[in-house]
Amino acid sequence: MEVNATHALLVDYATGRVLLAKNPDEVLEPASMTKIMTAYMVSKAISTGRINPDSMVTISRNARKMEGSDMFLEVGDQVSVSDLIKGLIIVSGNDAAIALAEFVSGTQDSFAEDMTKVAKEMGCKQTVFKNASGLPHEGHQSSARDLLIMSIRSFEDFPQWYAIYKETSFTYRGITQPNRNVLLNGNTGCDGIKTGHTEKAGYCIVVSAVKNGRRLFLVVAGLPSMKARAEEAARLLNWGFDTFGNYTIFPSDKPMVEIPVRYGVEDKIAVVPAKHQLNLHRNRLDQTKAVVYYENVIEAPIKAGTKVGEVVVTHPDWDEKKVVIPLLASKDIEKTSFFFRIGQTLKYLFQKG
């Protein structure tokens with residue numbers, strides 16, 4: 001698949017499969033996509049009770065003087081946290097980003113340090129934040145993979161705030177501004193998440209879209225214009241939806257295999273795969289192969305969820321060549337009494353002899 005962006009990463013949410021990648025771990029300037037993490041930090045502060053959505057924030061001179069996109073805040077304005085979040089997400093307000101950072105952590109520098117720490121805890125390896133807005137700053141960096149991780153965590157951890165990403169406009173002080181994510185108005189299934197642009201980064205976007213119950217996450221960066229950004233993102237999303245599908249390859253209503261149990265109150269246990277769906281190329285379904293490996297006998301006690309084997313699945317269109325799915329014990333099985341175990345052992349030895 002030809003990719004015009006300098007950086008790209010397309011992932012199927014349900015299976016976690018990478019459908020397309022171009023320089024996903026190369027450092028890039030995250031621009032206003034930084035605000036995904038800013039919003040996450042504010043949502044986290046709300047969830048832990050540190051701040052309240054209805055709390056009023058006094059706008060500082062630092063917030064007011066921010067350059068770039070804004071929600072037209074004035075020094076001394078009293079604005080609710082919830083309105084600032086909308087200004088941050090929908091109209092990409094740099095002034096809203098600073099106001100929230102100062103309210104949560106006292107200073108923007110302290111907030112940026114906290115952002116970096118939480119991002120590292122998520123597994124973001126290339127990310128360092130120097131501010132809350134995404135304006136260019138030496139050392140302020142991320143990667144397509146890291147931005148995708150932050151976006152997925154935003155979707156999973158704070159769905160009530162994630163819903164704001166799909167709102168198409170926001171009005172403050174009588175001024176209505178549109179969401180800069182024009183894909184929200186198209187037929188891609190997009191319901192978020194955040195655009196970005198700086199001279200160095202080019203035009204960028206993190207997109208989440210859902211069609212027929214299937215969700216994709218996409219990051220593209222380094223495009224030459226807003227039009228090119230929208231066209232590239234829509235093209236890659238449509239390709240992902242049209243080319244691949246999620247298929248149930250292991251029935252969920254019956255075990256894959258039953259394994260004998262030694263010294264257990266039951267003499268066998270059903271085992272099931274850790275997941276039943278895989279993401280496959282629609283035109284090459286018959287080329288999927290699966291080989292099952294498991295222990296010949298398992299000794300009790302056994303806890304449900306214990307790994308007792310694995311299924312190795314191969315498909316010719318996978319870059320990683322194979323997918324290994326753990327086989328898990330379906331339930332607990334307790335160990336029998338001491339005397340009963342002696343009897344079982346003798347029976348086993350006589351059978352071997």
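Residues are classed here as buried when their relative accessible area is under 20%, as exposed when it is over 50%, and as partly exposed in between, with a 1.4 Å probe and protein chains only. The structure is a predicted model, in which local features need pLDDT of at least 70 and side-chain atom pairs count only at pLDDT 80 or more, whereas totals for chains, interfaces and linings use all residues. Residues are numbered from 1 along each chain as its sequence is written, and side-chain values use heavy atoms, with hydrogens and water left out. Helices (H or I, at least four residues) and strands (E, at least two) are DSSP runs, numbered from the N terminus.

An open sheet is formed by 5 strands in the order β2-β1-β9-β8-β7, with antiparallel pairing, two strands being taken as paired if DSSP finds at least two bridges between them. Strand β1 (residues 7-12) is joined to β2 by 4 bridges, and the two run antiparallel; Ala8 has Lys22 in β2 as its bridge partner.

Helix α6 lies across β1, β7, β8 (202-211) and β9 (214-223), and runs at about 140 degrees to β9, where axes are lines fitted to C-alpha atoms, for helices over the stretch in contact, and angles run from 0 to 180 degrees between N-to-C directions. Helix α8 (residues 226-243) packs on the sheet, touching β1, β2, β7, β8 and β9, and its direction makes about 145 degrees with that of β9; contact means heavy atoms within 4.5 Å. With 14 residues (144-157), helix α6 reaches 20 Å from its first C-alpha to its last, close to the 20 Å expected at 1.5 Å a residue, the expected span being 1.5 Å times one less than the number of residues. Among the buried residues of α6 are Leu147, Leu148, Met150, Ile152 and Phe155. Leaving aside neighbours within four places in sequence, the contacts of Tyr203 include His197, Val220, Ala221, Met226 and Arg229.

A search of the whole structure finds 6 aromatic pairs; rings of Phe, Tyr and Trp (its six-membered ring) pair if their centres lie within 6.5 Å, and planes under 30 degrees apart count as stacked, over 60 as edge-to-face and the rest as tilted. Tyr13 and Phe155 form an edge-to-face pair, at 5.4 Å centre to centre and 85 degrees between the planes. Because Tyr13 lies in the loop between β1 and β2 and Phe155 in helix α6, the pair ties together parts that are 142 residues apart in sequence. Tyr13 is partly exposed at 29% relative accessibility, whereas Phe155 is buried at 19%. The ring centres of Tyr162 and Tyr165 are 5.5 Å apart and their planes stand at 45 degrees, so this pair is tilted; Tyr162 and Tyr165 are both buried. One aromatic cluster is formed by Tyr13, Phe155, Tyr162, Tyr165 and Phe217.

Helix α4 (residues 94-105) is mostly covered, with 11 of its 12 residues buried. The buried residues of α4 pack against α1 (35-47), β3 (56-58), α2 (61-64), α3 (81-89) and α5 (108-122). Gly106, which follows α4, has a positive phi near 95 degrees.

The search for salt bridges, each a side-chain nitrogen of Lys or Arg within 4 Å of a carboxyl oxygen of Asp or Glu, finds 11 in the whole structure. Asp25 and Arg145 meet in one of these (2.6 Å, N to O), linking the loop between β2 and α1 to helix α6 across 120 residues. In another, the closest N and O atoms of Arg173 and Asp77 are 2.2 Å apart; Arg173 is partly exposed at 43% relative accessibility, whereas Asp77 is buried at 14%. The side chains of Lys331 and Glu266 also form a salt bridge (2.8 Å, N to O), and Glu266 is partly exposed, with a relative accessible area of 32%.
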